[in-house]
Amino acid sequence: MNRFSLAVSRGIARVTESALGPYQTAVIRIGFSATWLLFLLRELPHRHELYGPDGPWSWDLAEQLIATNRAFTILMWSDGRLWFEIVYALGILTSALLMLGWRTRTMSVLFMVGVLSLQNRSVFMGDGGDNVLHLMSIYLVFTRCAQVWSLDARRAARARAADERGERVRDRTGPALWCVLGAVLVAVTLAGRMEGDWLIPALLWTVWLAQALWWLAGRRAKTGEPRIMLDVIAHIVHNGALLVIMAEACLIYATAGWYKVQGSRWQDGTAVYYPLHLEYFSPWPALADLLSASGTLVMLVTYGTVLVQVAFPFTLFNRRVKNVLLVAMITEHAVIAVVLGLPFFSLAMIAADAVFLPTTFLRRLGGWAARARDRLLRREGRAPASEQHTDESPEATHVGFRT
């Protein structure tokens, strides 16, 4: 009983004292924001046909569907072309800023708003990768995903250094953003634009009020206890969201694998052959013909795909086997991106897989990236800034407004 109590207390301490997986959540943040950014940039010439006023899914059809499913999208606030351009530009800007980790808490909320607004406007334009991105954009709001590899972490490290020198650092940008976005939130709520499903409006209000509470606890509280309590709550929310992200990834693979087991083409080992010969999924016909020329290779890939997807959730308890299957799945998605011409689906799935990458590998990867950056700066005649090397400080948080 004593051992059990000790284990429970250690588990509670681990969940409440720190935000777990700082490198994994940073990779997820960078991966999904980069995926959405690249997609929006690629479809920039076709944006009006995909999500805008020139699309086959007209304004009236979208209005009828949203009245039924009550989905959240700010694109339905106006049918004007200018409003669509503003929302699309907002999606590009927030994706880039979230990828860089600038004011991450605010950008994660705006990123979610952009993703939901565009996808819910034209629900038939997506695929499996869009569904994953849709869910992850909501989960990211609950995570502290800017602890490392972000501009927020670098600014926090500089602020700590300034505090040690006795200098006082004021954060003016955070409160200014809070005031502007709060005014917008109040205005659209009073105008009745938040009608529909209650979840997203409630989430927006909760995050906005939590930011104010965080600032007050840091600046106005006479003791450090309110800030410590808010930190504990933030750790619990972050760790819970991280667990949900991991469970979501496992559910995707388990569901896909078990559905494949029931298919006759997957059972006889020929399922991979047919997509390779569909014109829509054959950007490189010669490469598809080369891969499908060997019946043995097709059979091995077919059965291997099913085996990896079904087995992966059960390998999480064995680190070595999990890492081997993780490499196999990432390689499979990379091949799908090239051979079947589905780059954004593959990028979304690889970003979801990143939550299971080992911390040692991610730290080493960050070190390689930092050395490559320093070499590039030296070639350009600029001295690398040593203070930018803050990716080894998972405890880094916002000054004033938290990340």
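View 1. Trp-205 is partly exposed, at 25% relative accessibility, whereas Trp-208 is buried, at 17%. Buried means under 20% relative accessible area, exposed over 50%, and partly exposed in between (1.4 Å probe, protein chains only). The model is predicted: local features need pLDDT of at least 70, side-chain atom pairs count only at pLDDT 80 or more, and totals for chains, interfaces and linings use all residues. Residues are numbered from 1 along each chain as its sequence is written, and side-chain values use heavy atoms, leaving out hydrogens and water. Trp-205 and Trp-208 are three residues apart in helix H10 (residues 199–219), so about one helical turn separates them. Helices are DSSP runs (H or I, at least four residues), numbered from the N terminus.

**View 2. Aromatic pair of Trp-57 and Phe-124.** Rings of Phe, Tyr and Trp (its six-membered ring) pair if their centres lie within 6.5 Å; planes under 30 degrees apart count as stacked, over 60 as edge-to-face and the rest as tilted. The count by this rule is 12 aromatic pairs. The Trp-57 and Phe-124 pair is edge-to-face because the ring centres are 5.0 Å apart and the planes lie at 75°. Trp-57 is in the loop between helix H3 (47–50) and helix H4 (59–69), and Phe-124 in the loop between helix H6 (104–121) and helix H7 (128–139), so the pair ties together parts 67 residues apart in sequence. Phe-124 counts as exposed, at 63% relative accessibility.

**View 3. Ring cluster.** Trp-36, Phe-39 and Phe-344 are linked into a cluster by ring pairs.

Conventions: Helices (H or I, at least four residues) and strands (E, at least two) are DSSP runs, numbered from the N terminus.
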